[in-house]
Amino acid sequence: VAKILRAFHMDATRADPQSITLSNWDRVAGALTDPLVKTYGTEVVQCIEIDERAVELLHSKHPNLVVQHADVLQVNYASMAQEQGTPLVVVGNLPYYITSQILFALADASHFGAVNCATVTMQWEVAQRMVAPTKCKDYGILSVVFQLYADVRRHFKIPPTVFYPQPKVDSALVGLHFWGPAELRKRLMGVDPSDLRRVVTAAFQQRRKTVRNGLKQLVLKDICDGDKERAKALLQSAPLPLPTRGVKGFTKALPADWASKRPEELSPGQFVELTRLLFGPADGVVDETKPLGKKVWRKLKHGD
């Protein structure tokens, strides 16, 4: 726990050490909360807990602690941050069966600048996918999304013996520092995140096929209204010129033969360019007033 807390403090104080509103998820009531309260105090720490018995236990231990009796998937993080008057700093042990959905909820919350950073435990294999480079089997949707949305750091591996009951897999502590809406817009080059989701999802649903074949139905039905000739031409299009105002180290031009590539061969920046080619804007102009979306990556049934 001490090692987790040191990594969390490093993540939490990276941007603004004077402003921390800490939201904690604790799979074992008190395991993280007790040392967090001791370090930061109940005026900073608040908890989200779905188990009523755990809520009662936390209240008995820390009478002044704010504990939301809620499902983490249903929490409106943007409203929560607005109420606190500062972006949230998240720490917690993620329930393994909903890890991806919690992470996607945080990504959506970052559209509003609601989440500064998160320090969370998860399955080792999920952590591997988040930081995976292109051209490997671990590279997929999680890689594209979180390498676009955040600076992701895999702090260290955690053996099963640390937890009770013991899981059957290794875990990892991962730190995510979300870029926030202004930087994210620059990375998106005017692309609508919802359009990016459609492209990335369609491509990786058929990851063994070429990008052209994986996107064929999306392009034909959703973009070209069933016009086969138009769809064929679009899937043979040359990449758009790369705007000069791209983000160094992230923005990357599509290769001329992009359509014959496999999805895992395209970087997150190239998926942005592919989406821009298919959906626009062709000029890559960033509209600072256009909302990034309330629900893009999280499921519609999850939260507000």
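Visitor: In this structure, are Tyr149 and Trp297 buried or exposed?
Guide: Tyr149 is buried, and Trp297 is too. The term requires under 20% relative accessible area. Keep in mind that the model is predicted.

Visitor: How many aromatic pairs does the rule give?
Guide: The count is six aromatic pairs. One of them is formed by Phe104 and Phe146.

Visitor: How do you know what kind of pair Tyr149 and Trp297 form?
Guide: Their centres lie 6.3 Å apart, within the 6.5 Å limit, and their planes stand at 90 degrees, over the 60 required, so the pair is edge-to-face.

Visitor: Which parts does the pair of Tyr149 and Trp297 tie together?
Guide: Tyr149 is in helix α7 and Trp297 is in the segment after α12 (268-279), so the pair connects parts 148 residues apart in sequence. Ring pairs join Phe104, Phe146, Tyr149 and Trp297 into a cluster.

Visitor: How do you know that Lys157 lies over the face of Trp124?
Guide: The distance from the ring centre is 4.5 Å. The limit is 6 Å, together with an angle within 35 degrees of the ring normal. Arg187 likewise lies over the face of Phe250, at 4.5 Å from the ring centre.

Visitor: What makes strand β4 mostly covered?
Guide: Of the six residues in β4 (residues 88-93), six are buried. Leu88, Val90 and Gly92 cover one side, with Val89, Val91 and Asn93 on the other, all buried.

Visitor: How do you know that β4 and β5 pair?
Guide: Six bridges join β4 to strand β5 (residues 115-123) in the parallel sense. At least two are needed, so β4 and β5 qualify. The chain passes from β4 through α5 to β5 in a right-handed β-α-β crossover.

Visitor: Why is strand β7 described as largely enclosed?
Guide: Eight of the eight residues in β7 (residues 171-178) are buried, so the rest of the structure largely encloses this strand. β7 pairs antiparallel with β5 over seven bridges, and eight bridges join β7 to strand β6 (residues 150-158), also antiparallel. Thr121 has Leu173 as its bridge partner in β7, while Ile158 stands opposite Ser171.

Notes: Residues are numbered from 1 along each chain as its sequence is written. This is a predicted model: local features need pLDDT of at least 70, side-chain atom pairs count only at pLDDT 80 or more; totals for chains, interfaces and linings use all residues. Side-chain values use heavy atoms; hydrogens and water are left out. Rings of Phe, Tyr and Trp (its six-membered ring) pair if their centres lie within 6.5 Å; planes under 30 degrees apart count as stacked, over 60 as edge-to-face and the rest as tilted. Helices (H or I, at least four residues) and strands (E, at least two) are DSSP runs, numbered from the N terminus. Buried means under 20% relative accessible area, exposed over 50%, partly exposed in between (1.4 Å probe, protein chains only). A crossover is right-handed if, with the strands pointing away from the viewer, the path from the first strand over the helix to the second runs clockwise.
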